[in-house]
Amino acid sequence: REDGHVYDVVVVGGGQSGLATAFGLLRERISNIIVLDENPAGREGPWDTYARMVTLRTPKHLTSIDFGVPSLTFRSYWEAAHGVESWERIDKIPRGDWMNYLRWYRRVLRLPVRNDARLDRIEPIEKGLFRLHLNGGETLLTRKIVLATGIQGGGQWHTPSLVGNRLPASRYAHTSQAIDYAG
Ligand SMILES: Cc1cc2nc3c(=O)[nH]c(=O)nc-3n(C[C@H](O)[C@H](O)[C@H](O)COP(=O)(O)OP(=O)(O)OC[C@H]3O[C@@H](n4cnc5c(N)ncnc54)[C@H](O)[C@@H]3O)c2cc1C
């Protein structure tokens, strides 16, 4: 709510980039921040929504958003949950487990994420000050904005008219939708 409070940083997008940005800022003692995500809690990014592959393509041993903190790596998370030997048995990271890791990362680091909050418009007010317009009409003030909006940030979901105008809806689906493969 715009109550005169001015955030130092508002991070838009609570996927892995937004979460990592928040943690990176907190490690630099920049704590007057908030992360906004348009989705309900735990449904950020592609992993548990429109991605459908069984595993990530990324090799399991690559470090990612742990910032060099050993106990924050996916491997540590996996071994704590499934045992040390189990790590050798998996080839690539199962998609749902990666999302669970992100949920855990957010929780243990107590990252300040606000869900169901979509940024609709950025209004520059003066040098170094922005008003953010959220869905529902709410506004926030901030000095800096980080757009960590992922694929969604590239525009909007689109079905080519060649498909959308010529085929009955029962004959096609957009990847962003829940797809009934049996139907
Ligand atoms: C099928 C598939 C497989 C993939 N496999 C891999 C892989 O194996 N390895 C890999 O590294 N990458 C993979 N990717 C890429 C993957 O998208 C990124 O690695 C990862 O999700 C990027 O994280 P991010 O935080 O930048 O974006 P996202 O995870 O997309 O998060 C962005 C968030 O911002 C939210 N958002 C967007 N606009 C707004 C707004 N205006 N207001 C509020 N919230 C907003 C979005 O809804 C979303 O929750 C894959 C992607 C797909 C679709």
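Predicted model: local features only at pLDDT ≥ 70, side-chain atom pairs only at ≥ 80, totals over all residues.

Reader: Okay, in which sense do β1 and β2 pair?

Author: β1 covers residues 6-12 and β2 covers residues 33-36. There are 4 bridges between these strands, and in one spot Val12 stands opposite Leu36 of β2. The sense of the pairing is parallel.

Reader: What handedness does the β-α-β unit of β1, α1 and β2 have?

Author: The helix in this unit is α1, residues 16-27. Together β1, α1 and β2 make a β-α-β unit that is right-handed.

Reader: Which residue in β5 stands opposite Leu36?

Author: β2 is also joined to β5, residues 113-114, by 2 bridges, and these two strands run parallel. So much for the pairing; the residue in β5 that stands opposite Leu36 is Arg114.

Reader: And the side chains of β2: are they buried or exposed?

Author: Ile33 and Val35 point one way from the strand, while Ile34 and Leu36 point the other way. Buried here means under 20% relative accessible area. Both sets get the same label, as all of them are buried.

Reader: Let's move to the helices. Are α2 and α4 roughly parallel or roughly perpendicular to each other?

Author: α2 is residues 74-82 and α4 is residues 95-108, with axes 11 Å apart. The packing angle is about 100 degrees, and angles of 65 to 115 count as roughly perpendicular. That is why α2 and α4 come out as roughly perpendicular.

Reader: How many charged residues are in the contact of α2 with α4?

Author: From α2 come Phe74, Tyr77, Trp78 and His82, and they meet Asp97, Trp98, Asn100, Tyr101 and Trp104 in α4. By class, the contact has 6 nonpolar and 2 polar residues, and the number of charged ones is 1.

Reader: Which residue in β7 is the bridge partner of Arg121?

Author: β6 (residues 119-126) and β7 (residues 129-134) run antiparallel and are joined by 6 bridges. They form a hairpin with 2 residues between them, and Gly128 in the turn has a positive phi of about 80 degrees. Arg121 has as its bridge partner in β7 His133.

Reader: Last one: does Ala169 count as buried or exposed?

Author: Ala169 lies in the segment after α5, and its C-alpha is 29 Å from that of Asp37. Its relative accessibility is 62%, and the cut-off for exposed is over 50%. Ala169 therefore counts as exposed.

Notes: Residues numbered from 1 in each chain as written. Heavy atoms only, no water. Axes fitted to C-alpha atoms, helices over the stretch in contact; angles between N-to-C directions. Parallel < 35°, antiparallel > 145°, perpendicular 65-115°, else oblique. Contact = heavy atoms within 4.5 Å. Nonpolar A, V, L, I, M, F, W, Y, C, P; charged D, E, K, R; others polar. Buried < 20%, exposed > 50% of the residue type's maximum accessible area, 1.4 Å probe, protein only. Pairing = 2+ DSSP bridges. Right-handed = clockwise from strand over helix to strand, strands pointing away.
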